[in-house]
Amino acid sequence: MTTTQVRATCPHDCPDTCAILVTVEDGVATEIKGDPDHPTTAGVLCTKVARYAERTYSPDRLLYPLRRVGRKGEGRFERISWDEALDEIAARLKPLAATAPEAILPYSYCGTMGLLQGESMSLRFFHKLGASLLDRTICAMAGFTGYKYTIGGSIGTDLEQFQDAKVILIWGGNPIASNLHFWMRAQEAKRRGATLVAIDPYRSLTAEKCHLHVAPMPGTDAALALGMMHVLIAENLVDEDYIIQYTLGYGQLKERVAEWTPARTAATCGIPEEQVLQLARLYGQAAKEGDPVAIRVNYGVQRVRGGGMAVRNIACLPALVGAWRHAAGGIQLSTSGSFPTNKPALQRPDLLPDLAKLPRTINMTTIGDDLLRPASPEFGPRVDAVIVYNSNPVAVAPDSSKVQAGFAREDLFTVVLEQFPTDTVDYADIVLPATTQLEHTDAHLAYGHLYMMANNPAIAPMGEAKPNTEIFRLLAARMGFTDDCFRESDDEMAASAFRKDDARAIHFDWDSLRQKGWQKLAMPDAPFAHGRFPTPSGKCEFFSASMAADGLDPLPAYIANYESVASTPQLAEKYPLAMISPPARNFLNSTFVNVQSLRATEGEPRLDIHPDDATTRAINHGDMVRIFNDRGAFVCKARVTDKARKGLVVGLSIWWKKLAGDGKNVNEVTSQRLTDMGRAPTFYDTLVQVERVS
Ligand SMILES: Nc1nc2c(c(=O)[nH]1)N[C@H]1C(S)=C(S)[C@@H](COP(=O)(O)OP(=O)(O)OC[C@H]3O[C@@H](n4cnc5c(=O)[nH]c(N)nc54)[C@H](O)[C@@H]3O)O[C@H]1N2
Ligand SMILES: Nc1nc2c(c(=O)[nH]1)N[C@H]1C(S)=C(S)[C@@H](COP(=O)(O)OP(=O)(O)OC[C@H]3O[C@@H](n4cnc5c(=O)[nH]c(N)nc54)[C@H](O)[C@@H]3O)O[C@H]1N2
Ligand code: SF4
Ligand SMILES: [Mo]
C-alpha cells in the first residue's frame with residue numbers, strides 16, 4: 001500500500017479558509033484533517049469539512065454529463081458523452097453569440113472560493129463571448145461598500161491578534177457556526193480576561209456563550225452604533241488625538257449623533273436604554289484605559305435595506321476610540337482587500353469585444369425577475385441561455401417562486417456545472433459533472449485571515465468529472481476561440497494568481513506555495529495605528545464625500561427596513577413577525593445539505609418562535625406551521641423558544657427544497673429588493689405571518 005499526505009485548502013465560502021492535510025492510501029482519500037502547523041487552522045476543521053470524504057465519495061455525486069429527458073424541474077436525465085454535451089452546448093450558444101451575445105448569462109457565486117475554479121477560465125470564456133456581465137452581489141456587497149466608504153478597503157484586524165483584545169463585540173455573526181477559528185481566538189481572549197459581547201436579535205450558539213447579549217431588532221444596528229457614538233462623545237470616552245490626526249468630519253459627526261440619545265436608540269432597536277449605555281461604556285472605558293477593544297462585524301447586519309449604512313456606522317467606532325492603535329484593536333469585516341490578487345491576469349477582461357462599450361450587467365440577486373423579463377430597449381435581449389456554476393440559485397436566491405418560474409421557462413437553455421443533483425440541476429438542459437477540491441488544483445486567498453493558500457489534487461477525478469477550468473477550456477475550443485489564454489494550464493494560471501510586484505506578496509511563488517501549502521502576506525500587525533487609511537482623504541471618513549457623490553447621506557445615518565413594524569405598520573398588521581434565515585451550523589449555504597450525516601444532525605427545517613408569539617397563535621412546540629407573506633409560503637416544524645426574541649422568527653438555512661418536507665424553503669418569503677448600497681439582497685428584511693397547520 002502507498003500512503004501519501006497531500007496539502008489542500010478548504011474551498012468553501014467561509015472566512016477561515018483552513019489548511020487541510022489529506023491522507024491518500026492507494027489513490028483513495030482516507031483521512032482529512034486540519035493542518036496543525038497552520039497558525040489559524042491549528043489542526044481543527046469544522047464538522048462539515050471533517051466530512052469532506054463522505055461528501056466526495058457520496059453515492060449521489062454527478063459523474064457523467066447528462067441531458068434532460070423530463071420536464072424542467074423534474075430532474076430526469078439521460079447519460080451522454082462529453083462530446084455530445086459540448087457539441088450540443090456549442091450548437092445552442094453559437095447562434096446567440098453571433099446575434100445577441102448578451103442573451104447569454106453566466107450565473108456563479110462561491111461554491112468554491114478558489115481563484116482558479118472560481119472565476120478564471122470561466123470569465124475568459126464569457127468575456128470573449130461578450131456575454132452579459134454578472135453583478136456578484138448575493139452575499140457581501142452592502143457591507144463591503146459601507147466599509148469601503150469609511151475605512152477605504154476590506155482590510156482589518158488580523159485574526160491572529162484577537163486573543164489579546166480585552167473587549168470583543170461580535171456583531172451580526174455567529175462564529176461558532178460560521179467562523180470557528182475566530183471563535184477559538186475569542187475563547188482564548190475570554191480565558192485571558194476579555195469580555196465578549198454578542199449583538200444579534202437571535203440568541204445564537206455564540207450569543208449563548210458571551211458575557212453580554214444585546215438583541216436589537218433586525219435592521220436596527222445602524223441606530224445602535226449611532227447611539228453608542230452619542231454616549232462615547234457625551235461621556236468623553238473618545239481618543240481626541242487619534243481623531244484629530246487620522247479621521248475626517250468629527251465635527252459633523254458630533255452634530256449628527258447628538259440626536260441619537262440612548263432613549264431614542266433604545267426605542268428604535270427595541271432594547272433597554274440601560275443596554276445602550278452599558279455597551280458604549282464597556283467599549284469606551286476599556287479603550288480609554290488603553291486596552292485593545294475589537295469588533296468582529298459580520299454579514300448578518302447587512303442583509304437589510306440599510307445594511308451598507310449599518311456597517312459604515314459600526315466601522316466608525318474603532319477610530320472614535322483610537323482602537324486602531326493596538327494590533328488587537330480595530331475591526332474586521334473581511335481581510336480580502338489585503339491580498340494583491342491578479343484578477344486581470346486570471347480573468348482577462350481585455351478579451352471583451354468592445355472595451356468602450358461593456359455588455360450589460362445583470363444583478364444575481366434579481367435573477368427571479370431578470371429571467372422572466374422580456375426583451376426591451378432598456379433591458380436588452382431576453383436571457384435565452386444561462387450557464388450556472390458554483391451556485392444553487394433555485395435554493396439560495398430571494399423570491400424563490402419567481403426564480404423557479406424563470407428557470408422553468410422551456411425556451412431558456414440552461415447548463416449547470418455541478419458536483420451534486422441540486423435544486424438548480426433539476427432545471428438544467430445539460431448537466432456537466434464537476435470535480436471537488438480533492439480532485440483539482442487551486443490557489444486561494446482568505447477573507448478571514450492573511451495567508452495565501454494552495455490546494456493540490458489528492459485523488460484522480462471521480463467518474464468523468466472535470467474541473468471548471470477544464471470545462472471552460474473545452475467549451476472555448478468548441479466555440480472556436482483560439483487565443484493562447486484558453487490553453488493555459490491550471491498551474492500556469494496559479495502562478496499568476498498574486499502580484500509579486502506588490503510588497504505584500506513579494507514571497508509568492510506558486511511552486512513553493514504548492515509544497516508548503518500556505519504563506520502569510522507581509523503586512524504590519526496594526527494596519528491603521530498611524531492612520532494611512534486607503535480612503536480618498538487617507539483618513540477614516542466619518543464624513544464621506546464619495547457617499548455624497550453617490551447620492552447617499554455623507555454622514556452616519558439610520559435607514560429603516562423596507563419591512564418592519566415601525567416602518568410599515570400597515571403591512572405589519574398582516575405580517576407582524578420579522579423573519580431572518582441565517583446559516584445552519586452543519587450546512588454551508590446550501591452545500592452539505594445532501595450529506596446524510598450532516599443533514600441528520602440538523603434534523604429538519606424548523607422555525608424558532610418566541611413562546612409569547614406562539615401562544616397567541618395557538619402554536620405548540622413541534623407543531624407544523626405555515627410561514628407566509630404576499631410573496632409566498634412554506635411549511636416547517638415550530639420550535640417554541642426564547643432564543644428568538646419577541647416579534648422575531650428564525651429559520652436556520654439554507655435547505656435544499658427537495659429535501660424539505662413541502663419542497664420549499666425560506667426564500668419563498670424573501671424579496672428581491674436591494675440594499676442602500678452595493679445592490680445587495682435584503683434576506684433579513686422580511687415580514688411574515690405564521691399559522692399552525694394540521
Ligand atoms: N456553518 C456555516 N458557516 C458559514 C455559512 C453557512 O451557511 N454555514 N455561510 C458562509 C457565508 S456565505 C457567509 S456570508 C458567512 C456569514 O457569516 P455571518 O455573517 O457571521 O453570518 P451568520 O453566522 O449568519 O451570523 C449572522 C448572525 O447575524 C444575526 N443577524 C441577523 N440579522 C441581524 C441584524 O439585523 N443585526 C444583527 N446584529 N444580527 C443579525 C443572525 O441571527 C445570526 O446569528 O458565513 C459563512 N460560514
Ligand atoms: N434566505 C437566505 N438566503 C441566502 C442566505 C441567507 O442567509 N438566507 N445567504 C446568502 C449568501 S451569504 C450566500 S453567499 C449565498 C450562497 O449561495 P451559493 O453561492 O449558491 O452557495 P451554495 O448554496 O453553497 O451553492 C454552491 C454550489 O456550488 C457547488 N460547487 C462547489 N464547488 C464547485 C466546483 O468546483 N465546481 C462546480 N461546478 N460547482 C461547485 C456546490 O456543490 C453547491 O451546490 O446564498 C444566499 N442566500
Ligand atoms: S468551512 Fe470554514 S471552518 Fe470549515 S474547514 Fe472550511 S474553512 Fe475551515
Ligand atoms: Mo455569503
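Reader: How do the axes of helix α8 and helix α12 lie to each other?

Author: This is a predicted model. In it, the axes of α8 (residues 221–234) and α12 (residues 273–288) come within 9 Å. They cross at roughly 60°.

Reader: Why give an angle and a distance?

Author: Because two packed helices are described by the angle between their axes and the distance between the axes.

Reader: Is the crossing of α8 and α12 left-handed or right-handed?

Author: The crossing is right-handed. The term applies because the near helix is turned clockwise from the far one.

Reader: Which residues make the contact?

Author: From α8 come L224, G227, M228, V231 and L232. From α12 come V276, L277, L279, A280, Y283 and G284.

Reader: Where does α12 meet helix α13?

Author: The α13 helix covers residues 307–321. Its axis and that of α12 come within 10 Å and cross at roughly 30°. Y283, G284 and A287 of α12 touch L317, P318 and V321 of α13. By class, that contact has five nonpolar, one polar and no charged residues.

Reader: In what order do the strands of the parallel sheet run?

Author: The order is β10-β9-β8-β12-β13, an open sheet of five strands. Neighbouring strands are turned by 15° against each other on average, direction ignored.

Reader: What makes β10 and β13 edge strands?

Author: Each pairs on one side only. The β10 strand spans 212–214, and β13 spans 330–332.

Reader: How do you know that β12 and β13 pair?

Author: Three bridges join β12 (residues 293–297) to β13, in the parallel sense. Pairing needs at least two bridges, so the pair qualifies. One example is R296, whose bridge partner in β13 is Q332.

Reader: What is the pairing in the six-stranded sheet?

Author: Mixed, in the order β5-β4-β17-β16-β15-β6. The edges are β5 (77–79) and β6 (104–108). Each has a single partner strand, so one side of each is left without a neighbour in the sheet. The twist averages 20° from one strand to the next.

Reader: How do β4 and β5 run?

Author: Antiparallel, with three bridges joining β4 (residues 66–68) to β5. In β5, R79 is the bridge partner of L66.

Reader: Which helix lies across β4, β6, β15, β16 and β17?

Author: That is α2 (residues 82–99). It runs at about 125° to β17.

Reader: How many residues surround ligand 1?

Author: There are 31. The closest are D200, D221, P583, F587 and N589.

Reader: Why is the S178 pair called a polar contact?

Author: An N or O atom in the side chain of S178 is 2.7 Å from an oxygen atom of ligand 1. The cut-off is 3.5 Å, so the pair counts. A backbone N or O atom of A177 lies 2.8 Å from a nitrogen atom of ligand 1. For Y299, a backbone N or O atom lies 2.7 Å from an oxygen atom of the ligand.

Reader: Which residues are around ligand 3?

Author: They are C10, C14, D16, T17, C18, L45, C46, K48, V49, H181 and L588. By class, the shell has seven nonpolar, two polar and two charged residues. Asp and Lys count as charged, so D16 and K48 are the charged ones.

Note on methods. Residues are numbered from 1 along each chain as its sequence is written. Chains are lettered from A and ligands numbered from 1 in the order in which they are written. This is a predicted model: local features need pLDDT of at least 70, side-chain atom pairs count only at pLDDT 80 or more; totals for chains, interfaces and linings use all residues. Side-chain values use heavy atoms; hydrogens and water are left out. Helices (H or I, at least four residues) and strands (E, at least two) are DSSP runs, numbered from the N terminus. Axes are lines fitted to C-alpha atoms, for helices over the stretch in contact, and angles run from 0 to 180 degrees between N-to-C directions. Contact means heavy atoms within 4.5 Å. A residue is near a molecule or strand if one of its heavy atoms lies within 4 Å of it. A polar contact is a pair of N or O atoms within 3.5 Å; within protein, one must be able to donate a hydrogen and the other to accept it, and residues adjacent in sequence count only if both atoms are side-chain atoms.
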